[in-house]
Amino acid sequence: MIREYKTVEEIVSPLMMVRMVEGVTYDELVEIELHDGSIRRGKVLEVNGDTAVVQLFESAAGINLADAKVRFLGHPLQLGVSGDMLGRVFNGMGQPIDGGPEILPEEYRDINGLPMNPAARDYPNEFIQTGVSTIDGLNTLVRGQKLPIFSGSGLPHANLAAQIARQAKVLGDAASNFAVVFAAIGITFEESEFFVSEFRRTGSIDRTVLFSNLANDPAVERISTPRMALTAAEYLAFEKDMHVLVIMTDITNYAEALREVSAAKKEVPGRRGFPGYLYTDLATLYERAGRQLGKPGSITLIPILTMPEDDKTHPIPDLTGYITEGQIILSRALYRQGIEPPVDVMPSLSRLKDKGVGEGKTREDHANTMNQLFAAYSTGKENKELMSILGEAALTPVDLQYAKFADEFERRYVNQGYDQNRTIEETLDLGWELLSILPKAELKRIKPEYIEKYWPKDKA
Amino acid sequence: MAGKIVKVSGPLVVATGLADANMSDVVRVGPQRLIGEILTMKGDTASIQVYEETSGLGPGAEVETTGAPMSVELAPGMIEGIYDGIQRPLEKIVEKVGANITRGVEVPAVDHEKKWEFTATAKVGDKVVGGDILGTVPETPVVLHKIMVPPNLSGTITDIKSGSFNVTERFGTLKTDDGKEVPLQMLQRWPVRIGRPYQKKYPPVKPLSSGQRIIDTLFPIAKGGTAAVPGPFGSGKTVVQHQLAKWSDVDIVIYIGCGERGNEMTDVLREFPELKDPRTGESLMKRTVLIANTSDMPVAAREASVYTGITIAEYFRDMGYDVAVIADSTSRWAEALREMSGRLEEMPGEEGYPAYLASRLAQFYERAGSVECIGSDERRGSLTAVGAVSPPGGDLSEPVSQATMRIVKVFWALDSSLAYRRHFPAINWLNSYSLYLDSLKPWFDENLGESFMRNRTQAMSILQNEASLNEIVQLVGKDALSPGDQLTLEVARMIREDYLQQNAFTDIDGYSSYDRQGKLLDIILEYDRRCREAIDRGASVTKLFAIPSRETIGRAKSVPADEYADAYDRMRIAMAKEIEEIAAQGGED
């Protein structure tokens, strides 16, 4: 039964109050018909007696309090999903905008999804080769992981994300059923177009579903966009058995839209005006990534966010870091030195790497060399700092070797460009070549038998 | 009599017509019979926090009270289980509704059908009080589940028999002093927000051995003590908590994943059954109960999860066991409190947290302790509570960290700069503390020899000295230091790299026994002592630092567990010889 009301009492965008309603339930989808027949949508945020507070997903401009007809649809916001979504472009509300035909949905799904039972999860441990040394070698990505890119304004996160989308593959799994779901959240046309043309250039556009909410689209729509994308991804992964890579950019815009709605609701703000439930809200997005027992598909999630003022302790990166399984951090200092991609390896981390590397997955020496590279790079950077204060003479010969290692590491290991696709063997061998700058006795984190086996033969 | 909903706002529902409901009663809301709990009452209007997603609820839907507060079921069958925040068995839910958790699923917390072998230890005619043991059930190979008289009940046993029973079957009868006959069954219920009673609390005197060198040696925690692990993201809180859950020498571990990642709980669930407890040789899962309320699960149940966990822990403590509760993370629990408080339109305290945040935290940690259990046999049990704290931006001045620091006795401060250097566990040795050092000293002296605590003090002072010397090095460089100070820096580095660093992901280094810890630190400190003597005799510092033994000591951590005693002895002899050779050369370079 669809009920229609003409009792809109108040609109303070993006909230609308409707009086004298009956049988309205929390979280229900609402349609508002304007006098010219156009339709806007929203959802019920609160029902109190016969008053419903509705949050509009779209702009409130043009709604007339007396004329607007409000219909409560009796179900939450849904997305009609289908395998035919591949290769299509949708707006932030899930409507096709590429001029193609409407999607004939195989089923409708509540975009909020349902929490995944931890007892039904399968632990992600399949190595994904991205071809990027700083990721494969040091912060290994696995299928079903959620690994964000923490960037700053003006940094080339889009290039890195596109490189990952282009090169990512699972070793020994040639016929993999791969798809990309891309959600543009409040980004500019140019940035969105970069991804689209990139997908087109590499021919992966046919395996891609795009959800696009650009900077000039209504901000409140941004709250639905990532949920639309994840609903489509869940369908493809767990019904169609595909390995789905979800890229969402930019989460900062999403959180700001959330703050806008929260402020309109006059909620008690938490840090920096963001609502106290920002953590929970982000978690309901990120936690939808993963694998399920007995299902071949997976959702790997790469959200991109720009850290305001490059500040990692800002609530958005901070709370994201607490939920996701690691982070790839881009560094402005490296970017200025012309290092591509400018991945800051020290604070970057992949929490699931330990389960994705080693014999049978990458190579037996991977875990050891990874730790050794980190330790050596860290010592090398410290020594370089000391050198800049005290001069080269204050360092011992070994200290100087470490400093040289740090330079070479940045120049050759990190700086690989956006077009080079390195296999994991190439990455590991390059690691050994760099480690051979140091005396063998310094490699305490590597088992002696691996040193014996992998130490470059042409070095002493 | 059923009430009616008048308002729905997220997890908060207001209903009228609930005059017969009590404060804190559990209610069933709407046609799906969602589980909720009454938070406030005004006349016959109740504010209810609903533990499941409320979408689709609206005014007019019915609300029914169960007449009882939020309780857990306590009976054999909990070990090896994984529950959500309100003790619903997640594995049963998968069987019933599939991979995603739908609403209104009703499954009993423990299996009511399964038969257990019950052996009566009490006899007909015994006079018993609450807490007395009636019989036992071998729940897993390592946990002997003791069936106790429920607290608040006493009388004479008029009938009891051994045999195979399910948890609700009557295995005996108790006649109370006022003549009432109470059937005895294995299943008990207990309200989660009320601590289970005990006779008496004692100050904790025994250490909890965790197999983690920095914890056991530098900042030990007592059985029955409280500890907090604060740290920014990526500093390794979860790994520290997992290590404690794996290797602590306790009988039962309750691991509460409160508002954290789903994959972490899955990791525990998949990994623990394969790990062997070094003390019993059995799988670690056979002593573990998991409570998982991940961050995407309803926020109200997250608030309940820590109480569910600690109540189950108290029940096992009452049997006379040593129990550890590990909660990851208390900050997420506090955020759930804040969210509900905001919806109730309460006056916010600091950073939007409710004013009662500190007292709620204190109440939780105060349920830990070393106690004499109820019952007439004076058995002792202990409950150790370890909570992770996730301060925003790693800033410890925020309310949850501050309130926690006022309560707990052990503080393992995780440091992101250590984590960046891949120094794990990234516990900062300068900022961490343990207030149990004095009360544990007698135990250490008696069981591990006085050298253990003496070595600890010496290691700490070397690390302290290192910190102040480093400031000088920053200004003038290492070469300007006296040979003695250079040695201090070198030994501090050995303590950091060869002792404190411990790789949780390797079989050999993941767990280190007290004996092994003592011997390893002995070697490092002996190196310090011998080198100092050698320097006094004019030996070259550079040569002392370059002796081959340094590398063997660096690899001492990876010597297999059954070889370390001999290997360490050999290392000491070799080291002494090498240093002596250099000392004998005297000042010549």
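**Entry 1: a sheet in chain B**

I began with strand β15 (residues 172-176) of chain B, which pairs with β16(B) in the antiparallel sense over 4 bridges. My terms here: strands are DSSP runs of E with at least two residues, helices are runs of H or I with at least four residues, and both are numbered from the N terminus. Two strands pair if DSSP finds at least two bridges between them. Across this pair, Leu174(B) stands opposite Val182(B) in β16(B).

Then I looked up the sheet itself. It is open and has 4 strands in the order β10-β13-β15-β16 (chain B), with antiparallel pairing. Its edge strands, β10 (127-128) and β16 (181-184) of chain B, each pair on one side only.

A note on the source: this is a predicted model, local features need pLDDT of at least 70, side-chain atom pairs count only at pLDDT 80 or more, and totals for chains, interfaces and linings use all residues. Residues are numbered from 1 along each chain as its sequence is written, chains are lettered from A and ligands numbered from 1 in the order in which they are written, and side-chain values use heavy atoms, with hydrogens and water left out.

**Entry 2: a covered strand in chain A**

Next I turned to β17(A). I count a residue as buried under 20% relative accessible area, exposed over 50%, and partly exposed in between (1.4 Å probe, protein chains only). By that rule, 7 of the 7 residues of β17(A) are buried. In a regular strand the side chains alternate between the two faces of the sheet. I checked both faces of β17(A): His243(A), Leu245(A), Ile247(A) and Thr249(A) are buried on one side, and Val244(A), Val246(A) and Met248(A) are buried on the other.

Most residues other than glycine have a negative phi, and most peptide bonds are trans. I went looking for departures from that.

- The peptide bond between Ser13(A) and Pro14(A) is cis, with omega about 5 degrees. Pro14(A) sits in the loop between β2 (8-12) and β3 (15-18) of chain A.
- Another cis peptide bond runs from Asp328(B) to Ser329(B), with omega near 10 degrees. I found Ser329(B) in the loop between β22 (322-328) and α6 (330-343) of chain B.
- Asp241(A) is not a glycine, yet has a positive phi of about 55 degrees. Its loop lies between α4 (225-238) and β17 (243-249) of chain A, and Asp241(A) is partly exposed at 35% relative accessible area.
- Arg422(B), also not a glycine, has a positive phi of about 60 degrees. The loop holding Arg422(B) lies between α9 (416-420) and β26 (433-434) of chain B. Arg422(B) counts as buried, at 5% relative accessibility.

Is Ser348(A) buried or exposed? At 0% relative accessibility, Ser348(A) is buried. For contacts I used heavy atoms within 4.5 Å. Setting aside neighbours within four places in sequence, Ser348(A) is in contact with Asn139(A), Gln327(A), Ile328(A), Ile329(A), Val343(A) and Arg422(B).

**Entry 3: cores and a buried helix**

In soluble globular proteins, nonpolar side chains tend to be buried together. A nonpolar core here is a set of buried Ala, Val, Leu, Ile, Met, Phe, Trp, Tyr and Cys residues joined through side-chain atoms within 4.5 Å. The largest core has 87 residues, and Trp412(B), Tyr527(B), Leu544(B) and Tyr568(B) have the most contacts inside it. Helix α14 (residues 514-536) of chain B gives this core its largest share, 10 residues. I followed Leu544(B): not counting residues up to four places away in sequence, it touches Tyr527(B), Cys531(B), Ala534(B), Ile535(B), Ala539(B), Ile579(B) and Ile582(B). Another core, of 76 residues, lies apart from it and includes Tyr51(B), Val128(B), Ile157(B) and Tyr307(B).

Helix α3 (residues 237-247) of chain B is largely enclosed by the rest of the structure, because 10 of its 11 residues are buried. Among them are Lys237(B), His242(B) and Trp247(B).
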